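Visitor: I'm new to this, and I'd like to know where the labels come from. Could you walk me through them?

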Amino acid sequence: LVVAMGLVEKNDIEQCLKSISSNCDPEIAALIREGIESDRLSSADKFVRWLLSKAISNDGSPELCAKLAALVREHLDDNAPCDLICEFMTACQNAFETLLSSLDGDDFGEPHAFERRRRLANLMAFIGHMFRQRAIRGNSIIQSVLNALLGWDQRRSRWQGQPQEYEVSSACTLLSTVGSAYVGENQGSRVYLSRLKGLETAGPWSDTTQRDIAAVIDTWEQEWSSKAPALSESTLLEST
């Protein structure tokens, strides 16, 4: 994605954050103070990387960071020629690909593997909250991430093999976060419900993952089912 890099200077970012902090929740104000004091806000792309790192850290708060991203994006939309939406989408996509690659073949018993899975789960929550906050646009990043996690083979136009447990768990985190906001905007979303139903009995999964899968399926059928019509899996290929 081509982004207007460098068009937002440090003072623009700092002034934006200071303006927001004068009328926002105390938790967001504290996060803003940390950002300003960190001296990592020399450009918009550095602000994006800092906030993303905060969101996906082991003790991060993905929802809080997404709220701040939405507030900054709204402010800069009116005051500066910079598309933070594109920057956040690019940063999230890159972080996802890096984390997924680093987990490939990881031993679940290793501490670093647990930490990476935790960061991946936080990234899914961050992307989901960003979507709900309209800090990222469109369905493309949600669909791209779900396809990668659940094993969509675009060349053969079908699901391929069985995902790793951390991939299924991460997909459940993303779907439970975006919820009806995604289902209602994406007519092809039910292919993911079908995939989860197939995976539900394809374990063995841990008790936690089994509950996550069941919870997404149940919520989808009870609360989201009327949001989007059922379409064939070929729709997934056509819209990718």
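This is a predicted model: local features need pLDDT of at least 70, side-chain atom pairs count only at pLDDT 80 or more; totals for chains, interfaces and linings use all residues.

Visitor: How do you know what pLDDT the residues of the chain reach?

Guide: pLDDT is the predictor's confidence in each residue, from 0 to 100. Here the chain has a mean of 82, and 82% of its residues get to 70 or more.

Visitor: What makes up the chain, in helices and strands?

Guide: There are eleven helices and two strands. Both are DSSP runs numbered from the N terminus: helices are H or I with at least four residues, strands are E with at least two. Read from the N terminus, the order is α-α-α-α-α-α-α-β-β-α-α-α-α.

Visitor: Why is the pair of Glu34 and Lys54 called a salt bridge?

Guide: A salt bridge needs a side-chain nitrogen of Lys or Arg within 4 Å of a carboxyl oxygen of Asp or Glu. For Glu34 and Lys54, N to O is 2.7 Å, so the pair qualifies. This one links distant parts of the chain, with Glu34 in helix H2 (residues 26–38) and Lys54 in helix H3 (residues 44–56), 20 residues apart. The whole structure has four salt bridges.

Visitor: And what makes Arg49 and Asp45 a salt bridge?

Guide: Their closest N and O atoms are 3.0 Å apart, so this pair passes too. Arg49 and Asp45 sit four residues apart in helix H3, so about one helical turn separates them.

Visitor: How do you know whether Asp45 is buried or exposed?

Guide: We look at relative accessible area, using a 1.4 Å probe and protein chains only: under 20% is buried, over 50% is exposed, and in between is partly exposed. Asp45 has 18%, so it counts as buried.

Visitor: What about Asp153 and Arg156, which meet in a salt bridge?

Guide: Their N to O value is 2.8 Å. Asp153 comes out at 14%, so Asp153 is buried, while Arg156 has 40%, so Arg156 is partly exposed.

Visitor: Why is Leu99 called buried?

Guide: Its relative accessible area is 8%, so Leu99 is buried. Leu99 lies in helix H5 (residues 84–103). Leaving out residues up to four places away in sequence, Leu99 touches Arg116, Arg119, Leu120 and Leu123, where contact means heavy atoms within 4.5 Å.

Visitor: What makes up the lining of the largest pocket?

Guide: Five nonpolar residues, six polar and four charged. Ala, Val, Leu, Ile, Met, Phe, Trp, Tyr, Cys and Pro count as nonpolar, Asp, Glu, Lys and Arg as charged, and the others, Gly among them, as polar. Helix H6 (111–132), helix H8 (165–183) and helix H10 (207–224) each supply at least two lining residues.

Definitions and conventions:
Residues are numbered from 1 along each chain as its sequence is written. Side-chain values use heavy atoms; hydrogens and water are left out.
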